[in-house]
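Here are some notes to read alongside the structure. They begin with the place where two chains meet and then turn to one chain taken alone.

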2 protein chains.
Amino acid sequence: MNLLLKNIAKHVTLTEQEEERVLLLTELQTFKAKTILLKEGDICTQSYFVIKGILRSYTRDENAVEHVVNFACAEWWMADMYSYLSQRPGQLFIEVNEDAEVIVLTRENQEKLYSEVPKLERFFRILIENSLIANQRRLINNLTFTAEARYDLFTKKFHSILPYLPQKQIASYIGVTPEFFSRMKARLLKK
Amino acid sequence: MNLLLKNIAKHVTLTEQEEERVLLLTELQTFKAKTILLKEGDICTQSYFVIKGILRSYTRDENAVEHVVNFACAEWWMADMYSYLSQRPGQLFIEVNEDAEVIVLTRENQEKLYSEVPKLERFFRILIENSLIANQRRLINNLTFTAEARYDLFTKKFHSILPYLPQKQIASYIGVTPEFFSRMKARLLKK
């Protein structure tokens, strides 16, 4: 079964005709590693549902240092939600980490789906809720957890793609320098 | 006009009967400063729409140090969204900072409103989207902005309630120690 329909079926039940509309209004695309899908300052007009491969979102500070915001692997959604929802220029880059197969849903087609298949309003509300939950937890963890505890959570959350992620990107997601990160990992191995 | 109905009217248009249902399924309550509305580990079963006064949400780390997550003043909503949406024990405390008048919406009544006034599904989706947008910006700002830039954003966002907020709570929201915060403010005054 199509992974996207499986993802939707977790939350709402569609008829065959409704599933057909979803398939018609989304598009499977493949991207090579290092492809930039979105740049800072662009307006995010589409969201991505990953079938295969890995996407990464990040932002750059005034010294052009990259800060990883998130990774997305199979069956995860990714977009600059701020820009996608507000339709204002975003702060995020989205880049392909590993060759990827991705289902692309444009905002325009999402609006069409809302009116043609109103049940999907519920589905996307739940997606956004889950995204909000993840964001709030991340914010609180950054405020209250040590780097070691944040790394521990990271390895659990991204268990399946851990071997594919460069160490400096993991360090960035956790919010430590690559040097601190390798010292920390050495310390953890000794325990 | 009732502030809650005004808030809803920004996004969806209700009939008089629908407005009556909203008023019937929400309740105005008053709380004294320092009242704890929600404790860490509790399940958040209601959300709060502030009419007057200030609420504050925070979390505590393993050393019982408080980290301010957010403030809410008039016409803002507050809840532990993670717990409210997932109905699992939350990580947040919600406390009354300044004597408050608050409209309380229980999750049960929110579900009733969804079925009786389906338009509100759209309203709450937009609320959650806005909350997600704010969270994402905060996360990115914490990753990329200096403490001074974060303070600058804070004074803009919380302009109207700034005189009422204790310095140590502002420092905590920005993510610096009270000592660093007072040195930083002294430096900014000299500029």
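1. In this predicted model, 26 residues of chain B are in contact with 26 residues of chain A, where two residues count as in contact if their C-beta atoms, placed from the backbone, lie within 7 Å. On the side of chain B that touches chain A, strand S4 (66-72), helix H3 (81-86) and helix H5 (119-144) of chain B each supply at least two residues, and H5(B) gives the most, with 16 residues. Helices (H or I, at least four residues) and strands (E, at least two) are DSSP runs, numbered from the N terminus.

2. Residues are numbered from 1 along each chain as its sequence is written, while chains are lettered from A and ligands numbered from 1 in the order in which they are written. Because the model is predicted, local features need pLDDT of at least 70 and side-chain atom pairs count only at pLDDT 80 or more, whereas totals for chains, interfaces and linings use all residues.

3. Chain A holds eight helices and six strands, which follow one another along the sequence in the pattern α-α-β-β-β-β-β-α-β-α-α-α-α-α. Its C-alpha trace spans about 55 × 35 × 30 Å along the principal axes.

4. Buried residues, meaning those with 20 or more other C-beta atoms (placed from the backbone) within 10 Å of their own, make up 34% of the 191 residues in chain A. Among contacts in chain A between residues at least 6 apart in sequence, 69% join residues at least 24 apart.

Notes:
Buried ≥ 20, exposed ≤ 12 C-beta atoms within 10 Å, placed from the backbone.
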